[in-house]
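Hi everyone, thanks for making time.

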Amino acid sequence: MATTLLILHGLVAVALIGAITHQALAACAPPNAKPNSFFGRFRAIPAAGFANAIVLLYLTSWLLGAVVYL
């Protein structure tokens with residue numbers, strides 16, 4: 001049981017890092033980027049749209065960490 005929760009905690013943490021990185025790239029990308037460029041695709045989704053996902057992933061990671069590490 002503890003091993004499963006630990007693996008799930010690690011997967012949620014990796015997803016959280018990915019979401020935060022994606023939000024940071026979307027916020028820092030130049031506003032005049034071409035739509036089909038690398039940064040243009042990040043700008044297609046508003047950076048504020050990641051807030052709910054990041055909060056949910058953070059709380060899930062916190063809860064799993066509290067259960068596993070205590």
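A quick word on what we're looking at. This is a predicted model, where local features need pLDDT of at least 70 and side-chain atom pairs count only at pLDDT 80 or more, while totals for chains, interfaces and linings use all residues. Residues are numbered from 1 along each chain as its sequence is written, and side-chain values use heavy atoms, with hydrogens and water left out.

Okay, the overall picture. The chain has three helices and zero strands; those are DSSP runs, numbered from the N terminus, with H or I over at least four residues for helices and E over at least two for strands. The radius of gyration is 15 Å, well over the 11 Å that the globule rule gives for 70 residues, so the chain is more spread out than a compact globule. That radius is taken over C-alpha atoms, and the rule is 2.2 Å times the number of residues to the power 0.38. Along its principal axes, the C-alpha trace spans about 50 × 15 × 15 Å.

Now, back to where Leu16 sits. The largest nonpolar core has five residues: Leu16, Ala19, Ala26, Phe50 and Ile54. Helix α1 gives the most to this core, with three residues. By nonpolar core I mean buried Ala, Val, Leu, Ile, Met, Phe, Trp, Tyr and Cys residues joined through side-chain atoms within 4.5 Å. Buried is under 20% relative accessible area, exposed is over 50%, and partly exposed is in between, with a 1.4 Å probe and protein chains only.

Next, helix α3. Its buried residues are Ile54, Ser61, Leu64 and Gly65. Seen down the helix axis, they fall within an arc of 105 degrees, so they line one face of α3; the arc is that of the directions from the axis to the C-beta atoms. On the other side, Asn52, Leu56, Trp62 and Val67 are exposed.

So what covers that buried face? The cover includes α1, residues 2-28. Take His9, which lies in α1 and is buried at a relative accessible area of 13%. Not counting residues up to four places away in sequence, His9 touches Ser61, Leu64, Gly65 and Tyr69. Ser61, in turn, is buried at 11%.

Methods: Contact = heavy atoms within 4.5 Å.
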